[in-house]
Amino acid sequence: MTSLLRVALVVALTIAGFGIASAQTPSPKGAKVYIINLKDGDTGTSPILVQFGLSGMGVAPAGVQKPDTGHHHLLIDTKLTAEQMKAPMPSDAQHKHFGGGQTEAMVTLPKGKHTLQLVLGDWSHVPHSPPVMSQTITVTVQ
């Protein structure tokens with residue numbers, strides 16, 4: 001095999017790999033994610049326990065590509081834009097990743113009102129299609 005042919009093959013495989021990684025993973029019909037222990041309007045103290053519920057799918061750590069699975073992301077005081085719904089979710093103070101397959105977390109929040117929403121991400125942190133998202137709730141930290 002000539003070196004030019006090898007280079008062309010590597011480039012083609014690399015491009016194909018990027019196409020696969022950026023595609024959204026399908027979610028099964030009826031899949032739901034929800035916050036188990038908190039309801040809209042609840043009041044509490046920080047740190048606050050947030051328990052993650054999921055039905056119709058399974059939990060798998062980030063990096064594990066298995067059908068009908070994902071891992072949790074907690075959005076705090078933010079929403080995902082249409083563009084962000086098709087890309088790996090950011091990881092910062094407003095976008096908490098639980099790529100180890102965690103199903104609950106102690107979250108430190110400053111005093112005041114905060115919105116919380118769960119979004120299930122696939123093996124590469126991209127929301128599924130259609131997205132598996134909880135309702136947004138508001139909690140007050142005293």
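Predicted model: local features only at pLDDT ≥ 70, side-chain atom pairs only at ≥ 80, totals over all residues.
Student: Which strands form the open sheet of three?
Tutor: The order is β1-β3-β7, and the pairing is antiparallel. The edge strands, β1 (32-35) and β7 (104-107), each pair on one side only. From one strand to the next, the twist averages 25°.

Student: How many bridges join β1 to β3?
Tutor: Four bridges join β1 to β3, which covers residues 48-55. As one example, Lys 32 has Ser 55 in β3 as its bridge partner.

Student: New topic. How many residues are in the largest nonpolar core?
Tutor: That core has 22 residues. Those with the most contacts inside it are Leu 38, Val 50, Leu 74, Val 107 and Leu 116. Two or more residues come from each of β1, β3, β5, β7, β8 (112-121) and β9 (137-141).

Student: Which element gives the most?
Tutor: β3 does, with four residues.

Student: What does Leu 74 touch, leaving aside its neighbours within four places in sequence?
Tutor: The contacts of Leu 74 include Val 50, Val 107 and Leu 116. Also among them are Gln 94, His 95 and Lys 96. Another core, of five residues, lies apart from the largest one; Leu 75, Leu 80, Met 89 and Val 119 are among its members.

Student: Where is His 73, and is it buried or exposed?
Tutor: His 73 lies in strand β5, residues 69-76. His 73 counts as buried because its relative accessibility is 1%, and the cut-off for buried is under 20%.

Student: Which side chains make polar contacts with the side chain of His 73?
Tutor: One is the side chain of His 71, at 3.3 Å. The side chain of His 125 is another, at 3.2 Å. Leaving aside neighbours within four places in sequence, His 73 is in contact with residues including Met 89, Phe 98, Gln 117 and His 125.

Student: Which peptide bonds are cis?
Tutor: The bond from Ser 46 to Pro 47 is cis, with omega near 0°. Pro 47 lies in the loop between β2 (43-44) and β3. A cis bond also joins Ser 129 and Pro 130, with omega about -5°.

Student: Why point those out?
Tutor: Because most peptide bonds are trans.

Student: Where is Pro 130, and is it buried or exposed?
Tutor: Pro 130 is in the loop between β8 and β9. With a relative accessible area of 51%, Pro 130 is exposed. Pro 130 and Ser 27 are 103 residues apart in sequence, yet their C-alpha atoms are 6.1 Å apart in space.

Student: Which residues other than glycine have a positive phi?
Tutor: Asp 68 is one of them, with phi near 60°. Asp 77 is another, with phi about 55°. Most residues other than glycine have a negative phi.

Student: Where are those two?
Tutor: Asp 68 is in the loop between β4 (58-59) and β5. Asp 77 is in the loop between β5 and β6 (95-98). Asp 68 counts as partly exposed at 39% relative accessibility, and Asp 77 counts as partly exposed at 34%.

Notes
Residues numbered from 1 in each chain as written. Heavy atoms only, no water. Buried < 20%, exposed > 50% of the residue type's maximum accessible area, 1.4 Å probe, protein only. Polar contact = N/O pair within 3.5 Å; in protein donor to acceptor, adjacent residues only side chain to side chain. Contact = heavy atoms within 4.5 Å. Pairing = 2+ DSSP bridges. Axes fitted to C-alpha atoms, helices over the stretch in contact; angles between N-to-C directions. Core = buried A, V, L, I, M, F, W, Y, C linked by side-chain atoms within 4.5 Å.
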